[in-house]
Amino acid sequence: DTPFIVAIDGPAGSGKSSVSKAVARQLGYGYLDTGAAYRALAWHVLNTGADTADADAVRAAASDFDLRLGLDPDDRTVRVGEHDVTEEIREPRVSSAVSGVARVPEVRAAVNELFRDMVARASQPAVVVEGRDITTVVAPDAPVRILLTAAPEVRAARRANELVGENAAAVAAALHKRDASDSTVVDFLTAAPGVEVVDSTDLDFAQTIDAVLTVIAQRQ
Ligand code: C5P
């Protein structure tokens, strides 16, 4: 049996990752952070010394991408081959490079196959799959599809809180730049038909989790 999929999309700083992880943990579901996979790929491209803005170089580097990413919400370790890149993929140099890598269509197609494969082989009965195009491209037939949004200034503030020591204005600027670049590739700011919007602008973490759990319960 293919696992039940809970697809969650949203922009950076929407709370998507922490909420998806918490929901998966609470329900005993698997958790797939597709952003982490794109970040690992960007790390890999940078590691080969290729220019992440050069689509041909990105395609070449992506052809030997050995991603090791599990579905356990309590183990967020990400490896590329033998390299543990869990921490490095969150560095600003990777955040700045990831959009360029993620905009190459053949790369997206290959990565999407990887995601579908990982979900199909999951040991859990269900998987929360989180990203930008899960509700529309990766799993458009998922029984639960959610777009998690929040006002831009709230997203920037949340992201600045996560990155202790970083300049808040710089964080906000980098986040908006990445969103602007990403949204030319996939639309993750408007909900596709049948996708439930959860706006977390005025919700705290626990309330956002509850809102998502409510949608899951309704759609099951
Ligand atoms: O979710 P996160 O912010 O970690 O995602 C990192 C980047 O990966 C995004 O900025 C985007 O460029 C890319 N991404 C994507 N499609 C997804 C998930 C992430 O293009 N489904």
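1. Overall size. For 220 residues, a compact globule would have a radius of gyration near 17 Å; this chain has 16 Å, which agrees. The model is predicted. Taken along the principal axes, the C-alpha atoms fill a box of roughly 45 × 45 × 30 Å.

2. Secondary structure and contacts. The chain comes to nine helices and eight strands. Take the contacts between residues at least 6 apart in sequence: 77% of them join residues at least 24 apart.

3. Burial and surface. Of the 220 residues, 49% are buried, that is, under 20% relative accessible area. The accessible surface of the chain is about 10,200 Å². Carbon and sulfur atoms account for 51% of that surface.

4. Charges. The chain has 22 positive and 33 negative charges. Their mean positions lie 1 Å apart.

5. Helix α7, buried side. This helix spans residues 152-162. Its buried residues are R155, A156, R159 and A160. Seen down the axis of α7, they fall within an arc of 135°, so they line one face of the helix. Two of the names on this list are arginines, R155 and R159.

6. What covers the buried residues of α7? The cover includes α2 (34-47) and α8 (168-182). The face turned away from the buried side of α7 carries the exposed residues E153 and N161.

Definitions and conventions:
Residues numbered from 1 in each chain as written. Predicted model: local features only at pLDDT ≥ 70, side-chain atom pairs only at ≥ 80, totals over all residues. Heavy atoms only, no water. Buried < 20%, exposed > 50% of the residue type's maximum accessible area, 1.4 Å probe, protein only. Helix = DSSP H or I, 4+ residues; strand = E, 2+ residues; numbered from the N terminus. Arc of directions from axis to C-beta. Contact = heavy atoms within 4.5 Å. Rg over C-alpha atoms; globule rule 2.2 N^0.38 Å. Areas by Shrake-Rupley, 256 points an atom, 1.4 Å probe, with all protein chains shown as cover. Lys, Arg positive; Asp, Glu negative; His and termini not counted. Charge placed at Lys NZ, Arg CZ, Asp CG, Glu CD.
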